[in-house]
Amino acid sequence: MHKTVVLNVVGLTSSLLGEHTPFLSRWMGGGKLISISPVLPAVTCAAQATYLTGKLPNEHGIVGNGWYFRDDCEIKFWRQSNKLVQAPKVWDTARALDSSFTCANLFWWYNMYSSADYAITPRPMYPADGTKIPDIYTQPQEWRSRLQDELGQFPLFNFWGPNTSIRCSQWIADSAKWVEESCNPTLTLIYLPHLDYCLQKFGPDQNLVAKDLQEIDAVCGDLISYYENRGAQVIVLSEYGITPVSQPVHLNRMLRQQGLLNVREELGKELLDPGASKAFAVADHQIAHVYVQDPFYIPKVRSLLEATEGVAYILDNNEKSTHHLNHPRSGELIAIAKPEAWFTYYYWLDDNYAPDFARTVDIHRKPGYDPVELFVDPQLKFSKLKIGLTLLKKKLGFRYLMDIIPLDASLVRGSHGCITEQPADQPLFITKQTHLLDSESIQATDVCQLILKHLTGG
């Protein structure tokens, strides 16, 4: 098989390529760029599962970055077990064709306990004292300490949150080279998330993200040159395009005001109680799975959603089938936002009753995706001093709460999730193996076969 490397440059679109991406623009000139018609929802976990299986969400089961686990009566985001993806992966197919084939999966999602030969992914430690310690999961297991001894501790706090920076994508790139030197995989999948964060903060304005584009271009340039010098074919792709937004939509607040959503009070704060609610929304960028636990209320909930400003349309059972989201993990109804809108997870009606985790970076306790975690509260006086004192508490072994995240959803300027129609706003696929491309655009489900064609020579 032909050695192949896939760089997943999250958020990259043809509209962002130009003066701030000199290497990628030059490299692309020797190949071909085509657009990818994204899967619905156009979010990380669903897109990656589709790329790696060639299947749609109703087949592989990844209906979003998170969903309501009905047996547990709990909303869970960012699970890591590969067992949740209910279809064979590209590496399974390739290995069946060639028993000598090996695959390294570096930071693509659902990267734990898979059949890939090699894996690295974030896996923080959560000691009983409430702290969060950066760490990784690796396959083989002994890589965990070796990698961090040689490259330094995985920079978790640069991976997500208000302190995101190129440092994290650079660490991932360095780990990819480390794996290449160690075991020379046939297929290497590399996740480079840097653009995802600045584009959600500022929107796709090249003037505001010029530095970030230059930084990720440099990382890509170094990786592409490195792998091509080792005889590898390189694919550059992305999962979705991020478009401007200006309207946060609070579906759960609306459902609560209508008496359909229940909360539980704990220590003077409110927690969403999905198991006791007639209806609630699991917000995920520009899509929301709305779970209605008594079918009697479905018509009422649909009517309320359709009347909500910022909602473009609703998928019921028939429409879910049309959009390939007819899976038991999906909500009874699915709300899709208008292009300028996105859905928050907020369910409290008074910020004084917001749960303590609302003002922190806490991707697992929040019952929905929260891009506001990318910001430090602009109303917080002496924020650097507060952060410094909180970190001092951590170093001294005291319990601490890094409650610096605002509750102002209007700060977010970019989002994704719904289907973008303009090719310039769609995810892209770039390769120098132009003989493998016979059109100017492909479906998200075609990516799996295109990777296989690169491996086998078509």
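**Buried sites and helix packing**

Modeller: Ser-238 is buried, with a relative accessible area of 0%. Buried means under 20% relative accessible area, exposed over 50%, partly exposed in between (1.4 Å probe, protein chains only). This is a predicted model: local features need pLDDT of at least 70, side-chain atom pairs count only at pLDDT 80 or more, and totals for chains, interfaces and linings use all residues. Residues are numbered from 1 along each chain as its sequence is written, and side-chain values use heavy atoms, with hydrogens and water left out.

Colleague: Which backbone oxygen does the side chain of Ser-238 reach?

Modeller: Ser-238 is found in the loop between β9 (233–237) and β10 (243–244). Helices (H or I, at least four residues) and strands (E, at least two) are DSSP runs, numbered from the N terminus. A polar atom of the Ser-238 side chain lies 3.0 Å from the backbone nitrogen of Leu-428. At 2.6 Å, the side chain reaches the backbone oxygen of Leu-12.

Colleague: Where do the buried residues of helix α10 lie around the axis?

Modeller: In α10 (residues 298–306), Val-301, Arg-302, Leu-304 and Leu-305 are buried. They cover an arc of only 165 degrees around the axis, taken from the directions from the helix axis to the C-beta atoms. An α-helix has 3.6 residues a turn, so residues three or four places apart point the same way.

Colleague: At what angle do the axes of α4 and α13 cross?

Modeller: Val-90, Thr-93, Ala-94 and Leu-97 in α4 meet Cys-448, Ile-451, Leu-452, Leu-455 and Thr-456 in α13 (contact: heavy atoms within 4.5 Å). The residues of this contact divide into seven nonpolar, two polar and no charged (Ala, Val, Leu, Ile, Met, Phe, Trp, Tyr, Cys and Pro count as nonpolar, Asp, Glu, Lys and Arg as charged, the others, Gly among them, as polar). Axes are lines fitted to C-alpha atoms, for helices over the stretch in contact, and angles run from 0 to 180 degrees between N-to-C directions. The axes of α4 (residues 90–97) and α13 (residues 446–456) come within 10 Å and cross at roughly 30 degrees.

Colleague: Is Val-372 buried or exposed?

Modeller: Val-372 sits in the loop between β18 (341–343) and α12 (383–395). Not counting residues up to four places away in sequence, Val-372 touches Trp-342, Tyr-346, Ile-405, Pro-406, Asp-408, Ala-409 and Val-412. With a relative accessible area of 0%, Val-372 is buried.

Conventions: A polar contact is a pair of N or O atoms within 3.5 Å; within protein, one must be able to donate a hydrogen and the other to accept it, and residues adjacent in sequence count only if both atoms are side-chain atoms.
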